[in-house]
Amino acid sequence: TDSQELLVMAAECKIEPLTNGLQIEILNPGDGKKYPKKNDYVSVQYKGTFHGGKKHGQIFDDNDGKAYKFKVGEEIKGWNKGIKKMSLGEKSILSIPYRLAFGVDGYPEQGIPKYQDVKYEIELLNIMEKLASGVTVEIIQANTDKNATSPQKGDLVNISYIGRMYGGAHH
């Protein structure tokens, strides 16, 4: 059966399978104030390694130091649950059991075996806000002038922007 196969795999490598659900180990705390919600766009840096099995400890996924942007709710369950518990700037290790990662079938096209538990080291770089229109706004450089005032309703303001299609194409 499936559970027997899982026990054999765990015994082969002498690594405890992750049975307690998602585990989060905080390496560097974030601001403790701003947390992403479902459907927010976030950018992260990450590295994924196998936990247990014949490939234990091997890196299988890495964004090579480039910011990876995604919509919370559209990744594996472990990421979707874990990222919502991280605050802006936080760096953590998410230990994700197979059922919250790539499931019983794994992801053979990417070399991920059946029943594979994984660990991701993730740094939450940015949470991009959405306007009521659904447009995502990412503040690249905020005003640091403590004497500056914010525009009020009815004020005329000038805004410079660059439009990008989701995925990075210029518009």
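This is a predicted model: local features need pLDDT of at least 70, side-chain atom pairs count only at pLDDT 80 or more; totals for chains, interfaces and linings use all residues.
View 1. The side chain of lysine 71 meets that of glutamate 74 in a salt bridge, with 4.0 Å from N to O. Glutamate 74 is exposed, at a relative accessible area of 53%.

**View 2. Lysine 91 reaches glutamate 121.** Here's another salt bridge, with the side chains of lysine 91 and glutamate 121 meeting at 3.5 Å, N to O. Lysine 91 sits in strand β5 (residues 91-96) and glutamate 121 in strand β6 (residues 117-130), so the pair ties together parts that are 30 residues apart in sequence. Lysine 91 counts as partly exposed, with 24% relative accessibility, and glutamate 121 is partly exposed too, with a relative accessible area of 26%.

**View 3. Aspartate 40 meets lysine 37.** These two side chains form a salt bridge, at 3.4 Å from N to O. Aspartate 40 is buried, since its relative accessible area is 10%. How many salt bridges are there? The count comes to three.

**View 4. A patch of lysines on the surface.** Now for some positive charge: Lys38, Lys77, Lys81, Lys84 and Lys85 gather in a patch on the surface. Take lysine 85, one of the patch members. You'll find lysine 85 in the loop between α2 (77-83) and β5, and at 55% relative accessibility this residue counts as exposed.

**View 5. Phenylalanine 50 stacked with phenylalanine 60.** The structure holds 12 aromatic pairs. In the pair shown here, the ring centres of phenylalanine 50 and phenylalanine 60 are 4.7 Å apart and the planes are at 25°, so the pair is stacked. Phenylalanine 50 belongs to strand β2 (residues 41-51) and phenylalanine 60 to strand β3 (residues 59-62), so to speak linking distant parts of the chain, 10 residues apart. Are these two residues buried or exposed? Both phenylalanine 50 and phenylalanine 60 are buried.

**View 6. Tyrosine 68 stacked with phenylalanine 70.** This aromatic pair is stacked as well, with 5.6 Å centre to centre and 25° between the planes of tyrosine 68 and phenylalanine 70. Tyrosine 68 counts as partly exposed, at 28% relative accessibility, whereas phenylalanine 70 counts as buried, at 1%.

Technical notes. Residues are numbered from 1 along each chain as its sequence is written. Side-chain values use heavy atoms; hydrogens and water are left out. Buried means under 20% relative accessible area, exposed over 50%, partly exposed in between (1.4 Å probe, protein chains only). Helices (H or I, at least four residues) and strands (E, at least two) are DSSP runs, numbered from the N terminus. Patches are made of residues with over 30% relative accessible area and no salt bridge: like charges are joined within 9 Å, nonpolar side chains (Val, Leu, Ile, Met, Phe, Trp, Tyr) within 5 Å. Accessible areas come from the Shrake-Rupley method with a 1.4 Å probe; for residues, only the protein chains shown count as cover. Lys and Arg count as positive and Asp and Glu as negative; His and the chain ends are not counted. The place of a charge is taken as NZ of Lys, CZ of Arg, CG of Asp or CD of Glu. Rings of Phe, Tyr and Trp (its six-membered ring) pair if their centres lie within 6.5 Å; planes under 30 degrees apart count as stacked, over 60 as edge-to-face and the rest as tilted.
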